[in-house]
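Dear colleague,

Please find the structure below, together with its sequence.

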Amino acid sequence: MKKIIFISILLCLSFSMEQSAAAKAPDLKLSDMQQKEHHLKPPYDQPVIINFWASWCGPCKMEAPDLVRLSEKYQDQVKIYAINMTNQDSEEGAYMFAKDYCFRFPVLLDKTGDAAALFRVAAVPTTFFVNEKGEIVSVLTGYGGAELLEKRIRGLINH
């Protein structure tokens with residue numbers, strides 16, 4: 001009986017993960033560190049990568065140089081938005097992190113946590129790979145390394 005319940009739970013989890021992969025990205029209105037408002041609303045001009053992070057996050061620190069390098073390499077093919085979870089961080093921490101890692105892509109501030117809640121972010125870093133139609137093609141929770149990030153970006157571009 002326990003095996004049947006366990007298998008049922010696994011099947012339900014598998015089904016829900018498949019469902020979330022085809023979900024639409026929610027509309028977002030967030031300001032960047034210069035107080036400029038950004039409205040992320042599908043459809044997009046090109047695929048979008050939405051990365052949730054915090055300045056105190058060790059894996060975010062490992063991932064940051066890879067995001068910068070990949071944003072430069074694929075700058076004409078994808079748009080990257082780095083969303084700082086400012087409700088769990090500080091604006092000063094976000095600013096210093098973005099400066100230290102030379103972020104040249106928009107750094108948006110989620111001061112209320114509403115953006116993270118809409119995307120159901122449970123851990124940082126969490127990265128969403130979204131096609132032009134606004135469909136979430138894949139999600140990467142945690143830092144998987146430069147190769148995996150690049151593989152996901154190439155998959156998004158070729159999707």
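How many helices and strands does the protein have? There are five helices and seven strands, where helices (H or I, at least four residues) and strands (E, at least two) are DSSP runs numbered from the N terminus. Please note that this is a predicted model, in which local features need pLDDT of at least 70 and side-chain atom pairs count only at pLDDT 80 or more, while totals for chains, interfaces and linings use all residues. Residues are numbered from 1 along each chain as its sequence is written, and side-chain values use heavy atoms, with hydrogens and water left out.

From the N terminus on, the order of elements is α-β-β-β-α-β-α-β-α-β-β-α. The seven strands form an open sheet of mixed pairing, in the order E2-E1-E5-E4-E3-E6-E7; two strands pair if DSSP finds at least two bridges between them. Strand E2 (37-40) and strand E7 (136-141) are at the edges with a single partner strand each, so one side of each has no neighbour in the sheet. From one strand to the next, the twist averages 30°; axes are lines fitted to C-alpha atoms, for helices over the stretch in contact, and angles run from 0 to 180 degrees between N-to-C directions.

Helix H5 (residues 146-158) lies across E3, E6 and E7, at about 170° to E7. Contact here means heavy atoms within 4.5 Å. Of the contacts in the protein with a separation of 6 or more, 73% are between residues 24 or more positions apart.

The structure holds one disulfide, defined as a pair of cysteine sulfur atoms within 2.5 Å. Cys57 and Cys60 form it, with their sulfur atoms 2.5 Å apart, and the link is right-handed, with 80° about the S-S bond. Cys57 is buried at 3% relative accessible area, and Cys60 is buried at 2%, whereas Cys102 is partly exposed at 38%. Buried means under 20% relative accessible area, exposed over 50%, and partly exposed in between (1.4 Å probe, protein chains only). Buried residues make up 45% of the 159 residues.
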